Amino acid sequence: MYRMTNVPDSSSNLAAPALGGEPQQKILRAGFIPLMDASILIAAVEMGFAWREGLSIELVRDVSWANVRDRLAFRQFDMAHMLSPMPVAASLGLGSNPSPTMTPFSLGRGGNAITLSTRLFERMQAVAGLGEDASALENARALAAVLADMRDRGESPPTLGMTYPFSSHNYEFRYWLAAGGINPDRDVKMVVVPPPLTSDALEAGAIDGFCVGAPWNMVASERGVGRIVAAKQDIWPSAPEKVIGMRPEWAEANTDTVLRLIVALDAAARWCDEAANHAHLAEILAADRYIAAPVEIIRQVLAGRFSLDAKGNRRVIRNYFTFHQHGANIPQPRQALWIFSQMVRWGQTRFSQQAADAAASAFRPDLYRAALGQLGGHDGDLAPAGSEPDDVFMDGKIFDPAAIEAYVNSFAVRAEENGTLPSALET
Amino acid sequence: MLRCGMVVAMNHLDLTILVIDENAVRAAIIDEGLREAGHHRVTVVHEVHGIARLIENLKPDVIIIDIENPNRDMMEHLFQLTRSISRPIAMFVDRSDTASIEAAVDAGVSAYIVDGLRKERVKPILDMAVSRFNVFNRLQRELAEARSALEERKVIERAKGILMRMRNLSEEEAFTLLRQTAMNEKKRLADIAQSVVTAAGMLL
């Protein structure tokens, strides 16, 4: 279990909390959902990084984000693998069981993609003359053209799946649709589908597309039931994804444990980022107790080698997963504020400065830096996003965390004042 | 006094309850429990397809859903969209009641309750759901144990047969040999029998 040889000796120069003599193992329970972005947490346990910091983490696999949220709230978990919008929603009192939640560590970037049924994609090719190497934006515009065609013919709009109302998938899917001129609340029907069921739901025709994390897009494309039309990198490369969530009062009462945990997660994140370790990581993740998916697909996904469909169209996405580099583990308040801006955009909440402050406070870079020193600097915390050449939004917008209202109002497609909502009620 | 008590009881039994459970057996057990307790406005569904429309029409006060049902996340989405359950509270009315919370999670129950419903009205329903989930869990366990007992008997029979053939033993002697070995090795009879069957499979 504790494989010294594979552990990069990078933590020795970090400001790790001192361990006096024999470390006393502290037992923590952590919930997770079977997804590849739980890699850092899983590697921290399997590769002994947590053990080295005196932590014994019991990983508990769960089936829904609502369960994860409730079990954290009810103290059955000390921490959990969570969607980055979950702590933000909790801070704003949104959802059916909001309970104070914050994150001191981000579990990396990337991993999501949007997949449409092969049937729908073929129609996009026919209607819009789409090439095999069309960009994410061209794909979105082609879908808009198909939707117009469907309306003309009196066909019912397609049903699109995502994972949770407060998820990166919901906001990224909506961002992509809206960039193509599609109103997600009026022109299509958005529903929630649990990630492991997406591929089957697509094949059965229960949904016509979905936005979900790895490896489920590739599972659908390899089976020939879907075509990947956009990756998270196409929408906003440094968009937040999953985080480690915890209760603020628990973190307060267990500061030393939290700092050790961050050190362990940092070491695990560095290990996961090394391409040389990916074969090993894939073996671990493929196990039934973790993701329970074919090891070959997991290996391909880690390498960013994408099968777009079953016909052999491929695409390599550099840094499809970033587990550590470029400050990927820093929970930046500007990311929390971007999530907040999308919540406002789609009518989940209203803008107020007080709400913005509450949203930003859910991301705690101060704890990250207290454990690891001033890695990455403060520059990214509240700086505008989308202006660096390798980190642009698909519609070319710049997000200024200091001007959220103006940003939201600048979108041509957004929720109407009183909410457009219940198209999903037509099921 | 009596009249007052009646009114409270009526109010309590007046609640509309929706049970969502993909397991038809468990759903029937819960349904029966609620009806025995005097609840008559109980609706049971086995799948979430079309659930939005149902909730819209039914306007349930309490929704009980199995905690292992991944479609809980779909319910969360629904509550974002629908105003019919104004602000449903997940799981429990009383967050300070840790014993109830633990009992429910252990049993595998999660529930949504309309905001503003008094906890005295909901607690008996949750307690009922928890105890019925536990009844179901016990049934499942007993069934699994019965199955494995049956499997074990089959393995012991096969091991006995192998020993009888290979060592020319009577049935009685073969069984005694198995039992004696199990006692000497401090193992279960079924485990020794399994080793005999496995070894025979490799040697013959």
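In which order do the five strands of the open sheet in chain A stand? This is a predicted model, where local features need pLDDT of at least 70, side-chain atom pairs count only at pLDDT 80 or more, and totals for chains, interfaces and linings use all residues. Residues are numbered from 1 along each chain as its sequence is written, while chains are lettered from A and ligands numbered from 1 in the order in which they are written.

**View 1. The open sheet of chain A.** The order is 8-7-9-6-10, with mixed pairing. Strands here are DSSP runs (E, at least two residues; helices are H or I, at least four), numbered from the N terminus, and two strands pair if DSSP finds at least two bridges between them. Strand 8 (189–192) and strand 10 (226–231) each have a single partner strand, so one side of each lacks a neighbour in the sheet.

**View 2. Strands 7 and 8 of chain A.** Strand 7 (residues 159–162) runs parallel to strand 8, joined by four bridges. Look for Gly161(A), whose bridge partner in strand 8 is Val191(A).

**View 3. Gln354(A) in helix 16.** Gln354(A) belongs to helix 16 (residues 353–360) of chain A. Gln354(A) counts as exposed because it has 9 C-beta neighbours inside 10 Å (exposed: 12 or fewer other C-beta atoms within 10 Å, C-beta atoms being placed from the backbone).

**View 4. Where domain 1 of chain A meets domain 2 of chain A.** Here 33 residues of domain 1 are in contact with 29 residues of domain 2 (contact: C-beta atoms, placed from the backbone, within 7 Å). Helix 13 of chain A gives the largest share of the domain 1 side, six residues.

Conventions
A residue is buried if 20 or more other C-beta atoms lie within 10 Å of its own, exposed if 12 or fewer, and partly exposed in between; C-beta atoms are placed from the backbone. Two residues are in contact if their C-beta atoms, placed from the backbone, lie within 7 Å.
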